[in-house]
Amino acid sequence: MQRSAVTAVWAAAVLLVATGCSGGGDGPRTGRIPVATPSTQGTAAGASAGAPSTGAEASESAAPAKGSARVVRTLTEGLKSPWGLAALPDGDLLVSSRDEGTLTRVAQDSGKQTVIGSVPGVSPAGEGGLLGIALSPSYASDHLVYAYFTTESDNRIARLRYDETRPAGEQLGAPDTILRSIPKGAIHNGGRIAFGPDKMLYAGTGETGETGLAQDMKSLAGKILRMTPDGTPAPGNPVPGSLVYSPGHRNVQGLAWDSRGRLWAAEFGQNTWDELNLIEPGKNYGWPDVEGKAGKAGFVDPVVQWRTSEASPSGIAYARGSIWMAGLRGERLWRIPLDGRESAAAPQAFFEGQYGRLRTVLAVGGATVWLVTSETDTRGTPRPGDDKILRLEVS
């Protein structure tokens with residue numbers, strides 16, 4: 001079937017569904033950090049993530065035009081190619097190493113690093129390797145860690161049991177692959193995964209440098225996917241039986257939900273515009289037909305766009321009424337204050353050039369945000385101590 005015909009079938013199916021019914025310290029310690037829950041992470045428990053809002057946001061208050069971000073302390077140093085980050089129930093962190101294929105536990109008080117194990121089958125090359133991680137919504141009982149990673153043949157998502165009673169380095173169980181055959185490439189592997197307020201698993205994928213895959217509805221590349229914890233298409237997806245939540249993406253590496261359960265995503269542009277998008281099920285985000293704000297019928301424009309030299313965005317998080325977005329090439333942290341479905345003011349930049357490339361942002365409740373640097377990913381210029389996890393206080 002030709003691309004135009006496939007697109008037409010997809011659009012018709014979406015319309016049908018819609019009519020029928022997202023190291024060491026350098027500052028004072030401030031005690032242990034509370035464990036984030038869906039509500040403290042700014043998600044609405046039970047909400048339909050990324051679904052069109054209903055007007056309830058009319059009572060929302062816009063975030064202030066200006067905010068603040070300061071580094072409270074450097075939690076740990078000397079990480080190699082850190083990529084994914086997740087907070088354990090006691091506040092300690094799990095961080096993935098893209099190139100080592102390992103998961104490391106970092107104590108939130110001392111910054112002590114303990115490798116808990118390796119993920120079998122990881123084949124790091126280019127931008128691929130062990131990428132995003134997420135904890136099961138039932139982690140307290142099942143102790144499952146989800147991982148998105150590149151193998152010799154594809155990108156896939158697996159879950160592994162974390163058994164803290166076993167010796168260090170041997171605490172990860174065998175991977176249970178829940179989704180395979182996500183196309184891989186030397187570039188644009190996507191890789192961010194996160195559980196939404198609906199307890200479904202979302203994954204951002206890249207188009208692997210084959211731009212046409214983003215509009216190919218039969219391909220998992222260049223999409224945001226939504227699935228059950230077992231890897232099957234989630235109920236309520238735009239097309240029943242399909243994992244695809246939204247198409248037309250170049251390389252999604254940032255996913256976050258705001259206080260109303262709306263899904264936001266950051267993605268890399270090519271030569272002109274990087275994007276922050278508000279994601280709605282079944283909507284088409286344009287790549288490769290458009291980049292940035294084009295006003296072209298059939299495609300959704302980003303809420304905010306940046307020159308690629310200023311951003312090249314990877315992870316995002318929601319805290320204090322704003323999206324916080326890590327910039328790789330831009331080497332800065334962006335604050336995007338929100339007013340419902342729009343930006344409340346111009347984005348505000350922090351730490352420009354201070355810590356180098358920035359990869360991942362994780363909000364864990366209140367004003368606390370963790371920020372991961374990315375100078376050892378072969379594209380940075382590592383300095384002593386790289387890579388680091390920084391603890392921020394934001395407003």
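Me: Contact here means heavy atoms within 4.5 Å. Which residues does Arg159 touch on that test, apart from its neighbours within four places in sequence?

Reply: Arg159 is in contact with Leu144, Val145, Tyr146, Ala174, Pro175, Asp176, Ile178, Pro229 and Asp230. The model is predicted, with local features needing pLDDT of at least 70 and side-chain atom pairs 80 or more, while totals for chains, interfaces and linings use all residues. Residues are numbered from 1 along each chain as its sequence is written, and side-chain values use heavy atoms, leaving out hydrogens and water.

Me: Why is Arg159 called buried?

Reply: Its relative accessible area is 16%, and buried means under 20%, exposed over 50% and partly exposed in between (1.4 Å probe, protein chains only). Arg159 therefore counts as buried. It sits in strand E8, residues 155-161 (strands are DSSP runs of E, at least two residues; helices are runs of H or I, at least four; both are numbered from the N terminus).

Me: What makes the pairing of Arg159 with Asp230 a polar contact?

Reply: The side chains of Arg159 and Asp230 meet at 3.0 Å. The limit is 3.5 Å between N or O atoms, one able to donate a hydrogen and the other to accept it; residues adjacent in sequence count only if both atoms are side-chain atoms. A second polar contact, at 3.2 Å, links the side chain of Arg159 with that of Tyr146.

Me: Which residues line the largest cavity?

Reply: They are Arg250, Glu267, Phe268, Gly269, Glu275, Tyr285, Trp287, Val290 and Glu291. Each has an atom within 4 Å of a cavity point, a cavity being a set of points on a 1 Å grid over the protein atoms alone where a 1.4 Å probe fits but cannot get out.

Me: What makes the peptide bond from Trp287 to Pro288 cis?

Reply: Its omega is near 0°. Pro288 lies in the loop between strand E16 (273-279) and strand E17 (304-307). Asp386 and Asp387 are also joined by a cis bond, with omega about -5°; Asp387 is in the loop between strand E24 (368-373) and strand E25 (389-394). Most peptide bonds are trans.

Me: Why is His143 called partly exposed, and what is its phi?

Reply: His143 has a relative accessible area of 24%, so it is partly exposed. Its phi is positive, about 55°, although it is not a glycine. His143 lies in the loop between helix H2 (139-142) and E7. Arg320, in the loop between strand E18 (313-319) and strand E19 (322-327), also has a positive phi, near 55°, and at 47% relative accessibility it counts as partly exposed. Most residues other than glycine have a negative phi.

Methods. On a 1 Å grid over the protein atoms alone, a cavity is a set of points where a 1.4 Å probe fits but cannot get out, and a pocket is an open set with protein on both sides within 12 Å along at least five of seven lines; lining residues have an atom within 4 Å of a point.
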